[in-house]
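Work through the exercises below with the sequence and the model open beside you.

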Amino acid sequence: MSESWATLTSKAESAARSGRYDEAKDCYKQALADAEASGEVQNAYNTRCNLAGLLRLLDDYVQAEQLLREATQLRYDHPHQLAREPVSPLSDLERILAKQGRLPELEQLYRTDAEKMLAEYGRDSFECKMSLMSLAKMYGTHFKNMERCKLLFKEVLAWSSTAEPITRNMIYMNYETVLRAAGLAAEADAVRQELAALRQAQT
């Protein structure tokens with residue numbers, strides 16, 4: 001009897017932590033085959049992301065990118081199952097594209113994601129706003145285009161007033177981080193103070 005997806009995934013993670021990378025890759029590949037055979041979309045998605053993450057760390061960017069693009073397509077084909085998954089292929093794709101200087105592709109990646117989330121969920125949805133925040137962070141971090149970054153964050157921050165506290169805090173902290181990285185300490189301090197005031201108002 002073949003091992004289950006959960007068992008194979010656990011073995012892959014354990015092997016990776018111990019530096020047994022060939023064993024980890026083999027277990028992930030078996031887990032992916034199991035997920036594909038059983039039609040478990042979420043497992044297939046997560047395994048692609050996890051294997052790609054390992055391959056990226058091992059500098060196998062070609063294979064990693066292929067897996068991440070496949071996972072991204074699954075995100076769009078099955079948004080209601082995958083759009084809120086904590087593991088996202090976009091983060092590792094960003095790292096690869098940025099490292100290789102492929103910034104136009106990186107911009108298109110996040111613009112496409114925002115368009116997909118907008119079409120599927122609407123402008124005021126959690127999914128759309130999180131995608132817009134990623135787009136804003138990309139402009140601030142990789143393009144140093146703080147005008148676009150701030151404009152997008154302004155929209156997401158306005159929406160966050162209706163979001164639950166954990167999401168709102170995360171948005172503000174992301175914005176502060178981008179501002180500080182850009183050398184805009186005074187603006188970053190103002191964002192931190194605004195968040196503190198919002199927290200105080202709810203106590």
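**Exercise 1.** Determine whether Cys27 is buried or exposed, and whether its sulfur is close enough to another for a bond or too far.

Solution. Cys27 has a relative accessibility of 5%, so it counts as buried (buried is under 20% relative accessible area, exposed over 50%, partly exposed in between, with a 1.4 Å probe and protein chains only). The closest cysteine sulfur, that of Cys49, lies 18 Å away, which is too far for a bond, since a disulfide here is a pair of cysteine sulfur atoms within 2.5 Å. By this rule the count comes to zero disulfides. The model is predicted, with local features requiring pLDDT of at least 70 and side-chain atom pairs pLDDT 80 or more, while totals for chains, interfaces and linings use all residues. Residues are numbered from 1 along each chain as its sequence is written, and side-chain values use heavy atoms, without hydrogens and water.

**Exercise 2.** Describe how helix H1 and helix H2 are oriented to each other.

Solution. The axes of H1 (residues 5-17) and H2 (residues 21-38) come within 8 Å and cross at roughly 160 degrees, where axes are lines fitted to C-alpha atoms over the stretch in contact and angles run from 0 to 180 degrees between N-to-C directions. The two helices are therefore roughly antiparallel, a term for angles over 145 degrees. The contact (heavy atoms within 4.5 Å) includes Trp5 and Leu8 of H1 and, among others, Cys27 and Tyr28 of H2.

**Exercise 3.** Locate Leu198 relative to Cys27.

Methods: Helix = DSSP H or I, 4+ residues; strand = E, 2+ residues; numbered from the N terminus. Parallel < 35°, antiparallel > 145°, perpendicular 65-115°, else oblique.
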